[in-house]
Amino acid sequence: MATTMTHNGTLVEVRGLKKYFPITQGIIIQRKVDDVKAVDGLDFSIQRGETLGLVGESGCGKSTTGRTILQLYRPTEGEVFFEGKDLARLKGEELRRMRRHMQMIFQDPYASLNPRMTVGDIIGEPLEVHNIAKGKEKKEQVQELLQVVGLNPYFVNRYPHEFSGGQRQRIGIARALAVRPDFIVCDEPISALDVSIQAQIINLLEELQEKFHLTYLFIAHDLSVVRHISDRIAVMYLGKIVELTDRTALYQNPLHPYTKALLSAIPIPDPIIEEKRERIILTGDVPSPVHPPSGCRFHTRCPLAIDICKRVDPEFREVGAQHWVACHVV
Amino acid sequence: MTTTISLATRTSAPTLKRSPSPWMRIALRTLRNIPALIGFLLIVAFFFTALFANFLAPYSYDKQDLDNIEKPPSAQHWLGTDSLGRDMLSRLIYGARSSAFVVLLVTVVNLALGIPLGAAAGYFGGWLENLIMRTTEILFAFPGLLFTFLIAATIRPAVLDWARSNGFADLARSGYLDYAVVIIALGFVGWAGLARFVRGQVLTVKEREYVIGARSIGVPTWRVIGRHILPNALAPIIVALSMGMGFIALSEGYLSYLGIGLQPPNPSWGNIAAENFGRYWRTFPQFLWLVFIPGLILTLIVLAFAFFGDALNEALDPELVD
Amino acid sequence: MGTLLEVKDLRTEFHTQDGVVHAVNGVTFAVDEGETLGLVGESGCGKSVSVLSVMRLIPQPPGKIAGGQVLFQGRDLLTVDDEEIRSVRGNKIAMVFQDPMTSLNPVLTIDTQIGESLELHLGMTKEQARKRSVELLKMVGIPEAEGRIEDYPHQFSGGMRQRVMIAMALSCTPQLLIADEPTTALDVTILAQIIDIVKRLKRELGMAIIWITHDLGVIAGLADRINVMYAGFIIETAPVKEIFGNPLHPYTLGLLGSIPRLDETRKEKLTPIEGLPPDLVTMPTGCPFYDRCRFRTEKCLHENPPLEVSAVRHSVACWNWQDVVKARGRA
């Protein structure tokens, strides 16, 4: 997998991306008292045709990253190049037209479909607003899309509430596919689904990637799922990427102490292996992104922390071939 | 990829049949509730009476029968006559027309002001929101009804004077300007509540994932508001409107009762009650019920709208399964 | 070791507008003293409803326990009076729920909430209860327990609240702890902390545990035995290593094939279970898994297979489990 990505070229490049959400006080005169530093300086790129996994615990900023890349949140700082164009500078109509090339699949299949629109209207809407198809042609394309995601094309006139979670997620996928995008941000697309349905969706996403040459940013909290579907994986902690490498190296040669702890914390569905596993149990909780710890953000929970970690934020540097890590101890 | 289609193996075969729209399901669910159904029928009867008052009423509302003055009910005048010999039943029926006219127009004023202002405040935020919301708060600082009375009492003489001195004396005399005064007074105060409500709804719906989803596929802003936000915010707004209509009918009754609303001979349940109350309280106790019938009708109208709105509110939960 | 809890042919249904939802359809299982039983299945399979029925915590109506027996230390909990069931709940059998946010009363201090059951069940004084509460908080690894005992739930993080819930459940040293998806809402590093604590407590206190989960990973390292549930039936039961090493029911096999493993070396395709679980209102007559099963035959459509012993301590409800074994051998 690691070999296929090199000669395809970069599709998305993120430089110094920051997204702060202001905390305000006062009703008539609002003044900013602080920021939630949800995403605090990210640098990475996504190659055409690959799946980049973005993994981290709740509140680490992984979903915000996805939404900021797609300009659903405007970045506080930094650049997002999509095929060489800086999305952060695009506005209004120009940005709206770019959306044809980049789409999103959401976590909650119950919340992400408009309950008052039929499936046909939901999937047909992107075709309409981007002037791709109208009328009969639109209807045909919608039915074809339903078939592509494994749903019965006769379902066009039904409403979202008539479907199960897994089926709704397929509708969401069909909507994202409608405009034939190059790039899809999958924001925890399976977290809300039952185990047996999760595998259906993962397989579907893999099949579609092959069929339509899609590039994915796959965001999830479950490292086993991320590792399964991704070519490369970025591990996030409190608004920063702490380690970025390919799927094999991440599992066989994790360098950052947080990655190590995360890997060891994930249970493996095999009682014989579980019996022998030694766990690195982190103490304490994830600190607040409003006042992140000084220096390295992980130093409050890090078993290896030394003095410098409290003072200096480690640089995100390449330590091996395509293996990036931000840690003083490595 | 046959996957979920196997769902069909034990259930019926899928058809292209259109599922009942959410609005249809809501209507059916609402009317399954008995008080709501009764309320709905009363509301229908109210508007029906208003619309066809000229066919339903045996006499005109201002026709005087000088041979029958202050008469108790008879075959000729089912509810009797007042001190000017007017048929009370006819006046009550025409009262529905006045009431419905005011209710509908005030609602239109509320909608025209409340929805755009509320939606703009909710969607765009910033100074616009501040301006609109602070204005509504100023309006709210006064006790609602009292404020309405104050406005009606202040602008009524001014409007009538203006009309008389500008060659609209006939119009001033006809009493149509009274309708305008009542509608302005109620509309001026009423939109604020609706605007606040709409803003709240828009704020909630704006953050829903399907709205972000719509933006992510590149739906233009006006279409996001029109197709994704408003239809989903509309349901509770309709409930608020339904409940509000009962209140408007009641307020018109109050204004007219106090003499700052609709003036006789134009009939209003409020002024009918007032006329009969003032005149016959001691000497003609048989006319007491002429005070109570308009009051009773108003009460029923308020309850009807409330029950209907309440059931509607329950039925509007989109997650509810039939 | 003796049998602590014995559930026989338990049936629970819910009477709703849409009809009768058959949530639990004749479930029989036992928990030995000191044993950890994993109850595994997807949402709506009846795993939570069956243990809530054991505790008689099903809201009635719309719920109704339609039949069966729940023998706890020889007494049928379904027939004892309300007084008696209350003396069992929280005392001999304790529960930990999924959402630590809503299971704690936000307006009472932690002290009051743990103390309540100590005073109620063990007749402790306020002073004794407080001392014991601090001990319990220390036991579940809450730092500076003395200082935090008078805090309110919102002052604790999600993981800490779940520890408080466990401390509360352990307050009367129950013989059976029922944990209903207690780790689902937690992040993975916090989950590891909680599982670590539960394992240690189990060793120290020797209580039996029923652990309800949809996560096969969590249960693999925790349970002694596993019941797999589907559509209100137990469809397979076996010791944990047997379930993972020798799954006999097509559904169990499907579940195992559905989850990506962290330790997979190559990118392998997952083998999901196609389709959806059946509607619990219009339950089919044959095997509930028929629609989604790769091994189905004509017989499965008409007759629901009973849970029958297939090997030592291993039972499965499938007419064609031998085909499953053969298919596994080929793969």
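A crossing of two helices is called left-handed if the near helix is turned anticlockwise from the far one by less than a right angle, and right-handed if clockwise. By that convention α4(C) passes α7(C) in a right-handed crossing. The model is a predicted one, in which local features need pLDDT of at least 70 and side-chain atom pairs count only at pLDDT 80 or more, while totals for chains, interfaces and linings use all residues. Residues are numbered from 1 along each chain as its sequence is written, and chains are lettered from A, with ligands numbered from 1, in the order in which they are written.

**Helices**

- Helix α4 (residues 110-122) and helix α7 (residues 158-170) of chain C pack at an angle of about 25 degrees with their axes 8 Å apart, helices being DSSP runs of H or I with at least four residues, and strands runs of E with at least two, numbered from the N terminus.
- Axes are lines fitted to C-alpha atoms, for helices over the stretch in contact, and angles run from 0 to 180 degrees between N-to-C directions; α4(C) and α7(C) are therefore roughly parallel to each other, the term for angles under 35 degrees.
- To this contact α4(C) brings Ile110(C), Gln113(C), Ile114(C) and Ser117(C), and α7(C) brings Val164(C), Ala167(C) and Met168(C), where contact requires C-beta atoms, placed from the backbone, to lie within 7 Å.
- In chain B, the 37 residues of helix α4 (residues 88-124) should span 54 Å at 1.5 Å a residue, which agrees with the 53 Å between its end C-alpha atoms; the expected span is 1.5 Å times one less than the number of residues.

**Strands**

- Chain A has an open sheet of four strands in the order β2-β1-β4-β5, with antiparallel pairing, and strands count as paired if DSSP finds at least two bridges between them.
- β2 (31-47) and β5 (85-86) of chain A stand at the edges with a single partner strand each, so one side of each is left without a neighbour in the sheet.
- In chain C, β1 (residues 3-16) and β4 (residues 63-72) pair in the antiparallel sense over eight bridges, with Phe14(C) opposite Gly63(C).
- The hairpin of β4(C) and β5(C) has two residues between the strands, and there Gln73(C) takes a positive phi near 50 degrees.

**Contact between chains C and A**

- 37 residues of chain C are in contact with 34 residues of chain A, and α8(C) gives the most to the side of chain C that touches chain A, with six residues.

Conventions
Angles under 35 degrees count as roughly parallel, over 145 as roughly antiparallel, 65 to 115 as roughly perpendicular and the rest as oblique. Two residues are in contact if their C-beta atoms, placed from the backbone, lie within 7 Å.
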